[in-house]
Each structure stands twice: as C-alpha cells, then as structure tokens.
Amino acid sequence: MGQLCGKCMKLLQDFVSFVKRMSSSLVQRIKECLVMISECFCLKRNGSEARQLYKPVLQPHEKETAQEFLQHIETGFKMSLLGKNCLEALRKLAFSENPGLQQSAALYYLHLSQHLTSQLPEEHLEPYYALLQSSDVEVQQMSSLSLVNFLLEGNINRDLVVQMGLLEPILELLELEDFTVQCNACACIMTLAASESNREAITSAGGVIPLLALANSYDPRVQQNAVGAILNLTQSEWIQQVLCREGALPVLTLLLESPDTEVQYYSCTALSNLAANSHHHEAMLRTGEGFLLRTLISLLSSSVEKVKKRIWGEVSSQACVCLRNLAVSAHIQADIIAMDVLPQLLSLLASNSTDVQQASIALLWKLSQHPGNQDTLTCGEMLNTLGRLLLTHKTDPVLVGHAACIIKNLILPQNMQRIMESSCFEGLLYTILSSDVQEEPLHYVIACLAELAKHEGSALHMLQWMDESLIKCLVKLAGQLQHTEPSFQAASIIQHVICHEKVRSLLKYHITEIQYYLMNFLTHREIRFQQLGISTICKLQEDPEFSSAIRQSQLMEHLERVHQQTEETQKLLRVVISHMDI
C-alpha cells in the first residue's frame, strides 16, 4: 500500500474536523471519505513498496474491531443502536490505548445520547469507566457530555451510575484543566446529587472540596454547574455540616455578588437551605458586619431592575426566603428593618410574579412578629398594599393568610387609626364574603377581624360595612362547630358588635341560627365557648324581641343546666379548699 497523497491527506483532515464538529450526518460522510480514498491511485502502488514505507499504528485485533464497528455504523443506525455486537465493539474501542479508537467509541455514545428514546442498558455503562479515564481530552469531553445528556434525559438511573463505580472517574475529571471537561463533570455531579444516597456518596468520596474550588472558576459554565452541584448537596443536613466545615459559607456569600444571575440564584438558594437550620446562623452572620444581610437585601432591589430577565424573580424570591430563615430572633428582625428593606419589599409585593409576592409577604410576616418593627410597618403604603392584596388575590391562600396575619400582628392601640384609614378593613371583610377563599386562610382572616372587633374604635368602624350578607356569613361561620377556631372567632365578632342597633336589626332575621350555635356553645367542652355563649345571651336579652325568643327556646333549659353544674362545681371546690386548710 502506498503513502497517501496530498489530496487524500486533505480528505482525512476534513474528516477529522468533521468528527470534531460531531455532525449528525456522520455515517454518510464516513462512507464518502472511505470511497474517495480507496479509489485514489496512491493506494494502488506496489504492495512491497508500501510494506517498506508503512509502519502500523493499530494492533491487528484493534484494526479488525474498528472495521467491524464501521460496518455496524453503516447498518446499525437502520436497526438497533444497542445490539450485542455493537457493545462488544464499544468495549474494545473504549479500553484501547489508542486515542483514535477511544474517540470513535466516545463519539458513538455522544450520537446515541442525542437520539436514544429509551433506557440505556446497564452493560452499556461499562465502557464509560475507560472513556472517562482516557488521557485524550477529546475523549473526556465527548464521553462526559454524553453521560450528562443521558442523565438529563432520564436514559440512565442516577443511582446506577454510582453503583457501577463511575463516580470516582467523574470526580477525577474535576481536577483536570480543561474547562469543557470540568463543566461536564460538574453537570454530572449536579444531576447525580439530586438523589439522597448519591449526595452521601459524593461527599464521602471527597467531592466537596473540588466543587468549592470550581465555584470560583473563571469559566461561567463551570462556575454555574459547580454551584448548582453544591446547591443540591445542601439538601442534606449532614452534608451541610461538611460544607460549612470546608469553607462553603464565605464562597457562597461572595457569589451573591456575581454578575451571573444563575450563579446568584444557585448560591442564594444554597444559603437559604443552610439558613433553614438555625445552627448555621451564627457562622453565616459572622462574615463582616451584616454583610450577608446587606447583600441579600441588595438582591431585592437589583432584581427589580432586572425585571426583563427570566430569573430575576427566582433570585429575589430566594433572597426573601433566606432572609426569612435567618430572621428567627428579634435582633435579626430588627436589623433587617433597620437596613431599609421596606421599600424593596413593597416593590416586590406589586410585582406580577406570584412567587415573588408570596416570598416577600412571608418575609414581612416574619418581620412583623417583632414588636419593635410594628411601628415602621404600620405605614399607610404598607397597610393599603395589604388591603389591595386581599381584594385582588382572594384565591391565593399564601397571600391571603399572610396578609391577615401581618395585620393582626400590627393591631395595637397606637396603630388603630392608621389601620382604619387604610383599605385593610375592606379587604378583610370582602375576603370572608368570597366563596373562593380556602379554609385555612379564611381562619386567619376571621381571627384578624375578631382581634379588630375587640377595640371600640375599630368595632364602630366595622359597622359601616355591616349588611345582610356579612351578618349572614358570620352567623353561618359561627354555627360550623366542626371548624372550631373560625366558629369561635365569628361568634366573637358578633358578640362585640351586637350592642349596636344596626347589628341587632340584621341579626333578627337569623334568630333560629343564632339559638342553634348558642346552644352548642353552652354544651361545648371548652370553657371559653360556654363563656362566649353566656355573654352573647346577656347582650341579646337587652332587646325585647330577642329576650322573648330566648325565654321560649331551649336556651333557658341549657342555661339552667349550666347554672346547676356551676353551683355543684363551686360546692366541690369549697370542700376541697376546706380540706386543704385543715
């Protein structure tokens, strides 16, 4: 066989370039190149001359395997991609010491990862052990990328990859200098770490330290995947301790200032997971003087400016979650308010993203629990914003429930005037009239109204909203004893406003329903229900019509029975006390 001429060398070079580009028309191009080379006169020279000039590169068995593999490629794509013959050829090529043959196997897996629609058989993972440990960079790049593709598409079981012993060679790739290999290896780890058992295996195998190092990579792809892998690792409480011990906190905190919003999101979410465990708070807040809190708050305002970007809402939501997880103590709640967070939170509450609104209102609820913050939060803009949320988001249980809880936390004598001047009353009252409100948030709304009704000024203010529909709703809720708290709170509202003639007139249309829930209250095992029932009856008896209706009903029998039980209880108590004095 003669030496290749310039024309054929050029064809081979084109072919190599083509392989590197991983064109989808691989098979047809191989055919064309081989046909053109085989027809050239340079290969038809004297065989003896060729034998003198040619030095074999491939071992005979490798050459035979390569030829068989090419034949399979020519016919295999029309039949099965996962046949037994193909697997045997892949094994020989993958475990060959020849980089060119390994590239063929890696390229085949890459093609397969882009077209496979079923599960990759377990035995087809075996060649990866050799491919991932290849000394050839292109083999490392293609094999790691195909493995990522298989994992992301669900063609491979994540746990199986670790069980087959592929975790160690994947972690070794993290130590290499090629950015593409590092990027793919980090993506593999990130995907594998979605499994609890895999997270433990990755940590036990020493994967934390190289991931933390690559989190500071100059390549944005590597950095994103490394931080994403760390994020998944933070879902395990045990691994959180390892991460903190290895210095993850300062790394993640500094990454919050990254210009890459993906990196910001991953690092912020990882910190949120860590902050969910109060044991990490001291270490998290130790960096600088409020550096973490200030940086998280800055993400709220910067996220608003990035409104056109897809991930802006996710970053701001996670910043709110992280701040909420950190705000477990009164002094942290006070520190956050002191950093002028309120304008940013008001902007987030006005956003079009439900996730952003829910995260920001949950943080506000946490901050409203500290008495020292309540004066700052009870501003007109905040109260009106809460009222608008109640009026416009009745079907959102998170927004409705938290808004009601925040208002309830702010109910103090010095704040009542500002609350009455806002749209909070309107929002709360219209919410309980809505048929779309879910049971749990409705409980919070009624509890808030019951707290407002205890204050004389707000009870008078509530009268202007009292009409037939609202009274009917309150009476109905009071009679639903299967829902203990809403029943009690609704009855409490009625009891506080019943002394006004307008309310009494409206209640007269529901005398039967009122008697029903009052009788149930008198026989309830909880003393507070009995006491509320008795006090309500006392106020109703001030009206002649109600007084007459009560005397003619079974309520009098129940009252007499309660009276007798009370006298008997008092006698028993006197006996017990007298014995104690002896």
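These legends go with a few close-up views of the structure above.

The model is predicted, so local features need pLDDT of at least 70 and side-chain atom pairs count only at pLDDT 80 or more, while totals for chains, interfaces and linings use all residues. Residues are numbered from 1 along each chain as its sequence is written, and side-chain values use heavy atoms, with hydrogens and water left out.

**View 1. Helix H23, residues 354-367.** Helices here are DSSP runs of H or I with at least four residues, numbered from the N terminus. Is H23 mostly enclosed or open? Ten of its 14 residues are buried, so the rest of the structure largely encloses H23. Buried means under 20% relative accessible area, using a 1.4 Å probe and protein chains only. Among the buried residues of H23 are Val356, Ile361, Leu364 and Lys366.

**View 2. Isoleucine 170 in the largest nonpolar core.** A nonpolar core is a set of buried Ala, Val, Leu, Ile, Met, Phe, Trp, Tyr and Cys residues joined through side-chain atoms within 4.5 Å. Of the 172 residues in the largest one, Ile170, Leu296, Leu452 and Met466 touch the most other members. Helix H11 (residues 179-192) gives the largest share of this core, with nine residues. Leaving aside residues up to four places away in sequence, isoleucine 170 touches Leu132, Leu147, Val161, Ala185, Cys188, Ile189 and Leu192; a touch means heavy atoms within 4.5 Å.

**View 3. Cysteine 183 without a partner.** How many disulfides does the rule find? The count is zero, where a disulfide is a pair of cysteine sulfur atoms within 2.5 Å. For cysteine 183, the nearest cysteine sulfur belongs to cysteine 186 and is 7.3 Å away. Cysteine 183 counts as buried, at 10% relative accessibility. Cysteine 473 is also buried, with a relative accessible area of 15%.

**View 4. Phenylalanine 488 and its ring neighbours.** The whole structure has six aromatic pairs, meaning rings of Phe, Tyr and Trp (its six-membered ring) with centres within 6.5 Å; planes under 30 degrees apart are stacked, over 60 edge-to-face and the rest tilted. The rings of phenylalanine 488 and phenylalanine 529 have centres 5.1 Å apart and planes at 65°, so this pair is edge-to-face. The pair links helix H32 (residues 484-497) with helix H35 (residues 527-540), across 41 residues. Together with Tyr517 and Phe521, Phe488 and Phe529 form one aromatic cluster.

Technical notes
Helix = DSSP H or I, 4+ residues; strand = E, 2+ residues; numbered from the N terminus. Expected span 1.5 Å × (residues − 1). Buried < 20%, exposed > 50% of the residue type's maximum accessible area, 1.4 Å probe, protein only.
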